[in-house]
Amino acid sequence: MVNSSGVNASIIKHHSSAMNRRCHACCKTFKTLQECLKHDLLEHSLQNKKINSGFNNLCKAALKFLTTPEKLEERAKVRAGLNHCNAGDELLSIFQILCMDNNNLELQFERIKACLHSGLKDLGAQLEIHAFGSIVSKLALKDCDIDVYLDVKEMQLKEASETPGQLNSPHFMRNSSKHDTIFNTVYRILRESEDFSQVRPIRSARVPIIKCKHNSTGFSIDINISCPNSLENTRFLQAIVESDDRIHSMLLFLKIWAKHMQIINRANVTSYCLIILAVFYLQQPLQDHNRSIILPVQRIQQNLSARMVQGIDYSFDIECEENRVYLPASITTLDLIKGFFNFYKNLDISEYVLSPYLGTYILRKDFVDDKCAFLAYHNQLITVSQYFGDDAQQFEIDRCVCIQDPFNLSHNIARSMVRNNKEYFHCCLAYACTICEENINASARELYEKLLYDPYNPK
């Protein structure tokens, strides 16, 4: 039933009834007080020792990573480049060493695309092959994978009995038969191809993928056949990257920093999550200005025709005058980087749901109690349910960190972060702020090197 505000009444009722017994630490709800107390003891009290051990392991991992012979040699190369570059070109010097050349990357993708088309020609399908992720948004580092979406328009196949298997991701159980057939067939063809090796299916991921290596280019490839939404997210990030070189440089630097500190990979923060955190920071009001650098998604969707993909509206416009990225000339890339560190150092992200759609954060308990009256979220649950013909997956509010996807409002993009990940991330942010404060008179080249190669090391 939908009420006069367009909100599914059963969803609201579910939220209110779920509040009977809720864990104070993670907001997970229980039917009885006894179950809640048992959960608190096992998950939060007895886990403290394990969390401390995990935190220390993360610190050691970053220190070990940055003191390998390869990384020490890389640091020397970066330092030499910084010492010989012109003032103001420090980041460009770093990126030339640590980032992919975008033009070369596009050429390599065309080779991979041609091999995929050749290998999959026997599908008897209208097949479109799209790149997405960092190679499209121009945020690719030297060791990047290539993300590929296979859009199979029509397909006349027998069931792929040679490679039995079912996709175990709840997100894609709605079309399991069709997806199983396509997934298994593509997997079989790639496994038998001379162009690809190390082919393995990841069926249980939120978005099931086939991982493989393209032999002639050496690139690792993640192939997605189920979820076109990733193309839309990339389109949004590409528009932001292209809006201002300072934002592009900030995002690349933060991505390198997070990989060096082992925040990406070992601390369960994805590259996409990190970039969205940066976007959210840029959505906060500028001091002494009447707006933010980037407007909330709900603002840049106003008065547009919907661009619906699987029940989600991916429309946006940042080219019209009132929606354009607003970045005063007085603000430098280094200002943006320092601002990011300070903003998240001083924000307890475990207390809130960060919503790039709204451009603000919501107290976790207010989200659960539905005090924020988040109509767009409730309405999207309805449109997704209508698209798939069953109940939409709700936002996972019981996770340690809650960050909404800018468009898919039921997707918590930080769902994999646990408490020791969050604590380590915060310590890295605080340490980065300390480096900036203690080196306030240092040159940009010295500061950038320290930020990238001096890891947090608890005494």
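Modeller: Let us begin with the term that a sheet rests on: two strands pair if DSSP finds at least two bridges between them. Please keep in mind that this is a predicted model. Here, three strands form an open sheet of mixed pairing, in the order 9-8-10. At its edges are strand 9 (360-363) and strand 10 (402-403), each of which pairs on one side only.

Colleague: In which sense do strand 8 and strand 9 pair, and over how many bridges?

Modeller: Strand 8, residues 352-355, pairs with strand 9 in the antiparallel sense, and four bridges link them. To locate one of these on the screen, find Val-353, whose bridge partner in strand 9 is Ile-362.

Colleague: Which residues join strand 4 and strand 5 as bridge partners, and what connects the two strands?

Modeller: Strand 4 (residues 209-214) and strand 5 run antiparallel and are joined by five bridges. Cys-212 has Ile-221 of strand 5 as its bridge partner. The two strands form a hairpin with five residues between them, and Gly-218 in that turn has a positive phi of about 80°. Strand 5 covers residues 220-224, and four of its five residues are buried, so it is largely enclosed by the rest of the structure.

Colleague: Where do positive phi values occur in residues other than glycine?

Modeller: Asn-265 is one case, with phi near 95°; it is found in the loop between helix 10 and helix 11. Gln-310 is another, with phi near 50°. The place of Gln-310 is in the loop between strand 6 (308-309) and strand 7 (312-313). Gln-310 counts as buried because its relative accessibility is 12%, and the cut-off for buried is under 20%.

Colleague: Let us turn to the helices. How is the packing of two helices described?

Modeller: Two packed helices are described by the angle between their axes and by the distance between those axes. For helix 10 (residues 245-260) and helix 11, the axes come within 10 Å and cross at roughly 135°. The two helices are therefore oblique to each other, and their crossing is right-handed. Helix 10 contributes Ile-247, Met-250, Leu-251, Leu-254, Lys-255 and Ala-258 to the contact, while helix 11 contributes Ser-271, Leu-274, Ile-275, Ala-278, Tyr-281 and Leu-282. By class, the residues of this contact are ten nonpolar, one polar and one charged.

Colleague: What is the handedness of the crossing of helix 13 and helix 16, and which residues make the contact?

Modeller: The axes of helix 13 (residues 333-345) and helix 16 (residues 419-438) come within 9 Å and cross at roughly 130°. These helices are therefore oblique to each other, and helix 13 passes helix 16 in a left-handed crossing. On helix 13, the contact residues are Lys-338, Phe-340, Phe-341, Asn-342, Tyr-344 and Lys-345; on helix 16, they are His-426, Leu-429, Ala-430, Ala-432, Cys-433, Cys-436 and Glu-437. The contact of helix 13 with helix 16 divides into eight nonpolar, two polar and three charged residues.

Colleague: How should I read the surroundings of a single loop residue? Is Gln-283 buried or exposed?

Modeller: Gln-283 is in the loop between helix 11 (271-282) and helix 12 (297-300). It counts as buried because its relative accessibility is 3%. Leaving aside neighbours within four places in sequence, Gln-283 is in contact with Ser-292, Ile-294, Leu-295, Pro-296, Val-297, Ser-355, Pro-356 and Gly-359.

Colleague: Where does Arg-399 lie, and which residues does it touch?

Modeller: Arg-399 lies in the loop between helix 15 (375-388) and strand 10. It is partly exposed, with a relative accessible area of 28%. Not counting residues up to four places away in sequence, Arg-399 touches Arg-364, Asn-412 and Arg-415. Arg-399 and Arg-415 are 16 residues apart along the chain, and their C-alpha atoms are separated by 5.8 Å.

Colleague: How many helices and strands does the chain have, and what share of its residues is buried?

Modeller: The secondary structure comes to 17 helices and ten strands. Of the 459 residues, 52% count as buried. Among contacts with a separation of 6 or more, residues 24 or more positions apart account for 65%.

How values were computed
Residues are numbered from 1 along each chain as its sequence is written. This is a predicted model: local features need pLDDT of at least 70, side-chain atom pairs count only at pLDDT 80 or more; totals for chains, interfaces and linings use all residues. Side-chain values use heavy atoms; hydrogens and water are left out. Axes are lines fitted to C-alpha atoms, for helices over the stretch in contact, and angles run from 0 to 180 degrees between N-to-C directions. Angles under 35 degrees count as roughly parallel, over 145 as roughly antiparallel, 65 to 115 as roughly perpendicular and the rest as oblique. A crossing is left-handed if the near helix is turned anticlockwise from the far one by less than a right angle, and right-handed if clockwise. Contact means heavy atoms within 4.5 Å. Ala, Val, Leu, Ile, Met, Phe, Trp, Tyr, Cys and Pro count as nonpolar, Asp, Glu, Lys and Arg as charged, and the others, Gly among them, as polar. Buried means under 20% relative accessible area, exposed over 50%, partly exposed in between (1.4 Å probe, protein chains only).
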